[in-house]
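Student: I have a model open and would like to learn how to read its features. Please take them one at a time.

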Amino acid sequence: YPTLNEIITGVNYSLNPLYTTATAAVLFVLGACLRRRVPFLTRLCVPAAVIGGMIMAAIALAMHHAGVSVSFDTAFQAPMMLAFFTTVGLRGSLSVLWRCRAALLAYLAACWGMAAFQNLMGSAMATLLGVDPALGAMVGATSLMGDHGVASAVSSHAVAAASATYGLIAGGLLGGPVISVIINRRKIAPNTAGGQLPSGSRLPLGSKFSIRSLPNTLATVLVIMALGRAVNPAWAAEGGVPDYVVAMLLAAAFRSVNDLLNLVALDDLVVEVISRASVGLFLMMAMMRLHVWELYALAAPLLAILMLQTAAIILAAAFVLFPILGGDYDAAVMCSGFIGHGMGAAPNAISNMNSVCESYDAASQRAFLIVGLCGAGLGDVIARLSPG
């Protein structure tokens, strides 16, 4: 008779979009519960999606060694991202974005500069350590700031996928703790400075909203999401402007007009609830596709280079970008996103910023607008900067 191991070996479980989303929801709730019940996870601003993602990664790793594989159909991930960035636009306005133009340019320049530095550092360190420079390039911005998508587009080598996996894990685990140390040691007030944001932008987690405001706000979000897809389909094509950025800008424009004319009664708390639900599911689906065993492809010299890359992004965020952005709470939130971008692209950036805002119970629409806009199309820029 066959053993249990022989029976299950080679089995492949494939979850359809509904089952994938349900699994993501359960893991996200589990991560959020652990975050609340383990105080140091909250103090260190570790994202709930990262906690749930690590649980799924551990389960997937055990299944992988048992000869069982599981695949997820994340068809609902893109709509969740579209909904999230729509709510980012609705919580701000074009006037806010205009007033933040200096910070936006500084953040974008920092991202481009870090991408170039990562590529140069990867190749140079590989040469010094006697590793093929081509492999060194794969532990640079191609796989880190470019994530799995850019890494697979540039190279099919296992090192590229392994480096991207390392980046997602490191960026998600380190962004929140590093920034929490900065906020606590500098005793930064957890609110937005300079009056850049409209009143009511700081949304207490325990607040309640009227059920009457839900239909109007939800309908507004859905209509803007649809317009983001329909305004110019070519913008969403490969190499163009992603549809979620179009939706975010449309939402910011609508909010600017609506604040003047009061066309639709919007409830900021409803927008916040939709935002947190959509970003939670989106990030969880991104994390649960991690293949930890890809890290086996990293030899010791390449792992050493990745650790140096990690140290470089943390130092750049804490000692260069943070003071340039103003050294306030908004700057801290943006730097947590920068660490996420520098190691694992947009999902990590959003996860880190959302976790910091939840831990300090203070929103930062300025940070989400800037990081969201700079993150759009950043992977395409990274692909162009990447050698070879």
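Tutor: Some conventions come before the features. This is a predicted model, in which local features need pLDDT of at least 70, side-chain atom pairs count only at pLDDT 80 or more, and totals for chains, interfaces and linings use all residues. Residues are numbered from 1 along each chain as its sequence is written, and side-chain values use heavy atoms, with hydrogens and water left out.

Student: What is the mean pLDDT of the protein?

Tutor: pLDDT is the predictor's confidence in each residue, from 0 to 100. The mean here is 80, and 83% of the residues reach 70 or more.

Student: Where does pLDDT stay under 50?

Tutor: Where pLDDT is low, the predicted coordinates should not be read in detail. Residues 192–206 stay under 50, with 34 contacts beyond four places in sequence; a contact means heavy atoms within 4.5 Å. Residues 382–388 also stay under 50, with 14 such contacts.

Student: How many helices and strands does the protein have?

Tutor: Helices (H or I, at least four residues) and strands (E, at least two) are DSSP runs, numbered from the N terminus. The protein has 17 helices and 2 strands. Of its contacts with a separation of 6 or more, 78% join residues 24 or more positions apart.

Student: Is L260 buried or exposed?

Tutor: Buried means under 20% relative accessible area, exposed over 50%, and partly exposed in between (1.4 Å probe, protein chains only). L260 counts as exposed because its relative accessibility is 74%. L260 is found in helix α12, residues 243–261. Across the protein, buried residues make up 51% of the 388 residues.

Student: How many disulfides does the count come to?

Tutor: A disulfide is a covalent bond between the sulfur atoms of two cysteines. The rule asks for a pair of cysteine sulfur atoms within 2.5 Å, and by it the count comes to 0.
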